[in-house]
Amino acid sequence: MTVKREQVLIEALPFIREFYDSIMVFKIGGSTMSDRTVLEDFVQDVVLLRYIGIHPIIVHGGGPEISRAMEKFGKKAEFVGGLRVTDRETLGIARMVLLGSINAELVNLIGKYGGKGIGLSGQDGMFLKARKKAPLKMEGMQPVDLGFVGDVDRVDPEILMIMAGKGYIPVISPIAADDEGNNLNVNADTVAGAVAVAMRAKKFFSITDVEGVRLKPDDPSSVISEFRASDFDRLVAEGVISGGMIPKVEACVRVVRGGVEKAHIIDGRKHHAILLELLTQEGVGTMISRS
Ligand SMILES: Nc1ncnc2c1ncn2[C@@H]1O[C@H](COP(=O)(O)OP(=O)(O)O)[C@@H](O)[C@H]1O
Ligand SMILES: [Mg+2]
């Protein structure tokens, strides 16, 4: 059966009513942003949401681009537990790529589609404070010092509230400030989760390059459509979740425990996945709920 266009539009009404005037945080993964059409689709979706009364906040990553830039400087990217080992030089490269390139491009694109984007990172208004992460202990390994990698200490919602309240779309780079005037590289999902909690967001989305959380890491058809926050430790212990999926699901768990209604991990490669998830009855990706 073909669905008429007007049916699709009217189907959105209850969702638009429910989400009107609410804050939503969208984390877009570095892995998704290298595809130009994917990126443009994402930005169009976010601008559309702004125009129907939702207040979107974007947090972006930059994994593959940072790794490519490191290579140009003759450095090899290294990850432990899904987190980048960050020496002083790597931090400089990460800042350059995140702030100078990715953030600026997202803000540009928002403007292209008629929105008002504002780029910022942790030092701006000191809204995002972090603490150097303690050396990471992994099974069967000596503790690893990750260098200039932080854990979020505090998110001050004020500046974001002001911007969102005036109709701007904040675009956040995951570089945080510490108390000594240093910068720290923080995983973008971790930042996005902390922002969602501080902003009392209604929903949290992490947009990535897989269909969702797979039960069998190599099998795209094994996506889990929904699980509870309390299942997280077991899924990591069983090896189901690994690499970059660890901080991602961990962020979702913190978000729902911190009062956000629902967290979603969705496939950025699927065109307009956000609109489908938010404004139709179709569920996409993996949804994480509190209980
Ligand atoms: N159970 C799992 N289901 C899906 N992806 C997984 C799983 N475990 C590990 N991964 C890996 O996590 C990756 C997503 O994390 P990451 O590379 O950090 O992406 P992003 O740039 O979106 O943060 C996937 O591409 C996949 O390789
Ligand atoms: Mg990641």
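The shell around ligand 1 draws at least two residues from each of helix H3 (30-33), strand E11 (203-208) and helix H10 (245-257). Keep in mind that this is a predicted model. There are 17 residues around the ligand, and Thr-208, Asp-209, Arg-214, Val-240 and Lys-248 come nearest. As for the space ligand 1 takes up, that is the largest pocket.

| Residue | Protein atom | Ligand 1 atom | Distance |
|---|---|---|---|
| Lys-27 | polar side-chain atom | oxygen | 2.9 Å |
| Ser-31 | polar side-chain atom | oxygen | 2.9 Å |
| Ser-242 | backbone N or O atom | nitrogen | 3.3 Å |

On its own, ligand 1 has 580 Å² of accessible area, and the protein covers 77% of that.

Now for Ala-94, which you'll find in helix H6 (residues 88-112). Is Ala-94 buried or exposed? Its relative accessibility is 0%, so Ala-94 counts as buried. Setting aside neighbours within four places in sequence, Ala-94 is in contact with Ile-66 and Leu-99.

His-264 is part of strand E13 (residues 262-267). With a relative accessible area of 1%, under the 20% cut-off, His-264 is therefore buried. Which side chain makes a polar contact with that of His-264? Lys-203 does, at 2.9 Å. Not counting residues up to four places away in sequence, His-264 touches Lys-203, Phe-204, Phe-205, Ser-206, Glu-277, Thr-286 and Met-287.

How values were computed: Residues are numbered from 1 along each chain as its sequence is written. Chains are lettered from A and ligands numbered from 1 in the order in which they are written. This is a predicted model: local features need pLDDT of at least 70, side-chain atom pairs count only at pLDDT 80 or more; totals for chains, interfaces and linings use all residues. Side-chain values use heavy atoms; hydrogens and water are left out. Helices (H or I, at least four residues) and strands (E, at least two) are DSSP runs, numbered from the N terminus. Buried means under 20% relative accessible area, exposed over 50%, partly exposed in between (1.4 Å probe, protein chains only). A polar contact is a pair of N or O atoms within 3.5 Å; within protein, one must be able to donate a hydrogen and the other to accept it, and residues adjacent in sequence count only if both atoms are side-chain atoms. Contact means heavy atoms within 4.5 Å. A residue is near a molecule or strand if one of its heavy atoms lies within 4 Å of it. Accessible areas come from the Shrake-Rupley method with a 1.4 Å probe; for residues, only the protein chains shown count as cover. On a 1 Å grid over the protein atoms alone, a cavity is a set of points where a 1.4 Å probe fits but cannot get out, and a pocket is an open set with protein on both sides within 12 Å along at least five of seven lines; lining residues have an atom within 4 Å of a point. A molecule sits in a cavity or pocket if more than half of its atoms lie within 2 Å of its grid points.
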